[in-house]
Amino acid sequence: MLMESHRNLPTNAISFCLLPSELIQYIILQLALPEIIRLKSVNKSISSLISDRDFVRDYNLQSSSATWLFLYKKRWRREAVLYGFADSSNRWFNILIADLLKQVVPPGEDVYFLTASGNIFLFALNNRQEVMSVDIMTRMVKKIPPSPLGPRGTSSWRRSGMKLLSCPSSSNHFRFLFAELHESHPTLFEFDSRVERWQFMKGREVTQDLQGDFIFLSASNGRNGSVIIAVRPQCNSTPVVIRPTFITRGNEENQLAVGFNWGNAIDLLHVYGDGNMITIRSGKVVDVNKTVRKIKGIELWGLSTNGRYWELVSRAPNDLIYKICKPYGAMMGCMQKGEGLTRAILMTNLEGTWDTIWLSYDKKDNQWAWLPLPDCKMKGSNLAGVTFSSGLTLS
């Protein structure tokens with residue numbers, strides 16, 4: 001982080017503070033939030049500048065357009081680390097989350113990173129079957145009460161079936177939504193941190209076209225179709241149920257995986273998120289172990305206007321496939337859609353080495369893009385959560 005590597009930190013801090021205030025402010029505005037958080041502890045003068053209302057407003061306006069990728073990795077018997085990468089940066093940031101979790105997480109607990117929005121991060125405790133919220137700005141860690149379904153282990157949470165929303169009126173509060181088939185009926189569960197209470201509503205089946213903005217949460221995803229709950233972003237809106245189908249080709253149904261791909265018989269992987277789906281077609285690598293594969297093609301699918309089927313949106317061009325085509329043994333992914341862009345992360349693993357592929361599709365320009373990422377030093381680590389998130393903000 002900024003100034004971390006300097007041995008004579010006080011001298012460098014004093015020299016930095018002697019610069020014109022306009023230049024100091026300009027320099028700090030170019031930093032990512034993890035750097036600014038650490039910079040606040042340098043001295044009172046810099047902390048005062050960062051806390052200034054005008055500076056906070058300017059920084060939040062600038063950072064609101066950033067998209068972050070967060071990875072939570074851990075090693076056996078070692079500290080877990082949360083890494084963040086913004087699409088406006090060129091390197092990974094180490095988010096100091098371990099010390100915060102120690103406040104409430106007992107030693108030996110198996111912690112899994114669920115999702116994030118703004119400054120709020122959610123973590124699941126597998127042994128205690130609890131969920132914790134962490135505000136990285138206020139450094140507040142809070143236990144979320146059990147949902148109406150009771151305690152849940154980490155394997156119960158599905159990334160495409162949950163959503164974390166920051167409250168516009170207060171960056172310290174949030175709404176956590178997830179969808180499940182409860183008593184064979186698609187049901188929406190929502191926790192509002194402002195009232196510290198859960199509520200749940202059964203989805204209403206619809207046949208007419210969906211109009212306006214919706215949040216899409218997968219209650220279930222199968223090989224031939226999905227059950228999705230669509231709910232408007234406003235509080236207390238009635239959720240509706242749509243059941244899009246997907247037509248497989250030939251014998252693809254027997255060679256298809258949903259969410260995670262591992263093994264030598266899987267040629268097609270489906271990844272879901274925000275009412276979209278990508279399909280990744282792979283093939284065996286010639287003259288290599290039969291469990292090693294390479295990506296052959298990627299397609300983006302979206303919901304039809306009536307929500308009854310998945311329709312093809314676009315195929316990734318061959319030149320992009322060539323750039324990202326590396327051998328892998330296992331693959332998983334997540335998706336996010338917002339502001340005209342659909343983003344996808346594919347995490348591949350080969351013999352303990354991880355590779356992160358960040359793809360995006362701009363529907364307006366019918367343009368695919370690949371964002372190369374620097375090495376996150378994950379060799380030998382376990383991936384314990386991955387998600388996209390909106391821009392971090394000062395508060």
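How many of the residues of strand S18 (residues 268–273) are buried? In this predicted model, six of the six residues of S18 are buried, and the strand is accordingly described as mostly covered. Leu-268, His-270 and Tyr-272 point one way from S18, whereas Leu-269, Val-271 and Gly-273 point the other way, and all of these residues are buried. In a regular strand the side chains alternate between the two faces of the sheet.

The partner of S18 is strand S19 (residues 276–284), with which S18 pairs in the antiparallel sense over six bridges. Within this pairing, Arg-281 of S19 is the bridge partner of Leu-268, a residue that is itself buried. Two residues lie between the strands of the S18 and S19 hairpin, and in this hairpin Asp-274 takes a positive phi near 55°.

Inside the order, strand S5 (residues 120–125) and strand S6 (residues 130–135) pair in the antiparallel sense over six bridges, and Leu-122 stands opposite Ser-133 in S6.

The largest nonpolar core of the model comprises 41 residues, and the residues with the most contacts inside it are Ile-28, Tyr-72 and Phe-123. At least three residues of this core are drawn from each of domain 1 (19–65) and domain 2 (66–390). When neighbours within four places in sequence are left aside, the contacts of Tyr-72 include Ala-80, Val-81, Leu-82, Ile-97 and Leu-101, together with Val-111, Phe-113 and Phe-123. Further along the sequence, Tyr-72 is also in contact with Asn-382, Leu-383, Ala-384 and Gly-385.

With regard to the confidence of the prediction, the protein averages a pLDDT of 84, and 88% of the residues score at least 70. Over residues 1–9, by contrast, pLDDT stays under 50, and for this stretch the model has 15 contacts beyond four places in sequence.

Technical notes: Residues numbered from 1 in each chain as written. Predicted model: local features only at pLDDT ≥ 70, side-chain atom pairs only at ≥ 80, totals over all residues. Heavy atoms only, no water. Core = buried A, V, L, I, M, F, W, Y, C linked by side-chain atoms within 4.5 Å. Buried < 20%, exposed > 50% of the residue type's maximum accessible area, 1.4 Å probe, protein only. Domains from an automatic or database assignment. Contact = heavy atoms within 4.5 Å. Pairing = 2+ DSSP bridges. Helix = DSSP H or I, 4+ residues; strand = E, 2+ residues; numbered from the N terminus. pLDDT = per-residue confidence, 0-100.
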